[in-house]
Amino acid sequence: MEEVPQGCPGTGSAQAGRGASCQGCPNQRLCASGAGAAPDPAIEEIKEKMKTVKHKILVLSGKGGVGKSTFSAHLAHGLAEDENTQVHQSGSGWSPVFVEDNLGVMSVGFLLSSPDDAVIWRGPKKNGMIKQFLRDVDWGEVDYLIVDTPPGTSDEHLSAVQYLSAARIDGAVIITTPQEVSLQDVRKEINFCHKVKLPIIGVVENMSVFICPKCKKESQIFPPTTGGAEVMCQDLKIPLLGKVPLDPHIGKSCDKGQSFLMDAPDSPATFVYRSIIQRIQEFCGHHPPKEEHFLSS
């Protein structure tokens, strides 16, 4: 996890990548390449393309393994409330893969020759693919674009924020687990959002507790030794959207490519998910949704 340096001038500054605080930052070259230069024409092209997408939400996490992609998928399912085919190109760009009539997905994984292939790309190629996903995919008239990002604060995050800067991002949902090792990275992620002026919708504490399906007793798999996301959010004055409990059905539904919210409507986790989704909709000032798309890293 790369930490945003103290005194970072921000990606929109003329001093981006050139200030004293930029020395040693892993994103220095990327920031400096845009500082003082003419704006990337793709920013305006993406703004035009995104006119038909009402709301754009980034899903972030400080570290890997906290369930960010799982949350992103269920957020999209929940907003859409409802098996992949191949990506094909239409007259107006790539067409997303439709999971449901009103839920489409675009992912690098669809473009690989084998599901076992690794994506071994340097920064410029990854940034180019992000630009292509935002500019060249035929998203159509949709209510929500959910962007599932890699963990951390890397080039991909800066690119996504930069390319969507003119198109207005509603905000970011940040995923964590209760233990301090995760919260440490999330604090850096929150700092990153402040630096790049990305609004924070709120924090979701995933894998909060395990509720036994038989006896209904709660067990803390990841003890919140420093108070968990709740105390962190209070300290940083950021909304806590909810605490999602562990449920074995979540993993099973993901493996089958189905919506956990539909598979287990009476699960405590489903009730929390629905509450979180409602709060996100309220933040965006839009409900109920009619059509959503999901962009996966």
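In helix α10, the residues Ala269, Thr270, Val272, Tyr273, Ile276, Ile277, Ile280, Gln281 and Cys284 are buried, where buried denotes under 20% relative accessible area, exposed over 50% and partly exposed in between, with a 1.4 Å probe and protein chains only. The model is predicted: local features need pLDDT of at least 70, side-chain atom pairs count only at pLDDT 80 or more, and totals for chains, interfaces and linings use all residues. Residues are numbered from 1 along each chain as its sequence is written, and side-chain values use heavy atoms, with hydrogens and water left out.

**Overall composition**

- The protein has ten helices and twelve strands; these are DSSP runs numbered from the N terminus, with helices being H or I of at least four residues and strands E of at least two.
- Of the 297 residues of the protein, 48% count as buried.
- The protein exposes about 14200 Å², of which carbon and sulfur atoms supply 52%; the areas come from the Shrake-Rupley method with a 1.4 Å probe, and for residues only the protein chains shown count as cover.

**Helix α10**

- Helix α10 comprises 17 residues, 268-284, and reaches 25 Å from its first C-alpha to its last, close to the 24 Å expected at 1.5 Å a residue; the expected span is 1.5 Å times one less than the number of residues.
- At the N-terminal end, Ser267 caps α10, with a side-chain oxygen 3.1 Å from the backbone nitrogen of Ala269.
- Gly285 follows α10 and has a positive phi, near 70°.

**Leu75 and its contacts**

- Leu75 is found in helix α3 (residues 68-80), and Leu75 is buried, with a relative accessible area of 0%.
- Not counting residues up to four places away in sequence, Leu75 touches Val59, Ile146, Ile277 and Ile280; contact means heavy atoms within 4.5 Å.
- Val59 and Leu75 are 16 residues apart in sequence, and their C-alpha atoms are 9.7 Å apart.

**Aromatic pairs**

- A search of the whole structure finds three aromatic pairs; rings of Phe, Tyr and Trp (its six-membered ring) pair if their centres lie within 6.5 Å, with planes under 30 degrees apart counted as stacked, over 60 as edge-to-face and the rest as tilted.
- The Trp94 and Phe133 rings have their centres 6.1 Å apart and their planes at 65°, so the pair is edge-to-face.
- Because Trp94 lies in strand β3 (residues 93-95) and Phe133 in helix α4 (residues 123-136), this pair ties together parts that are 39 residues apart in sequence.
- Trp94 counts as buried at 14% relative accessibility, and Phe133 counts as buried at 4%.
- Ring pairs link Phe71, Phe260 and Tyr273 into a cluster.

Terms used: Polar contact = N/O pair within 3.5 Å; in protein donor to acceptor, adjacent residues only side chain to side chain.
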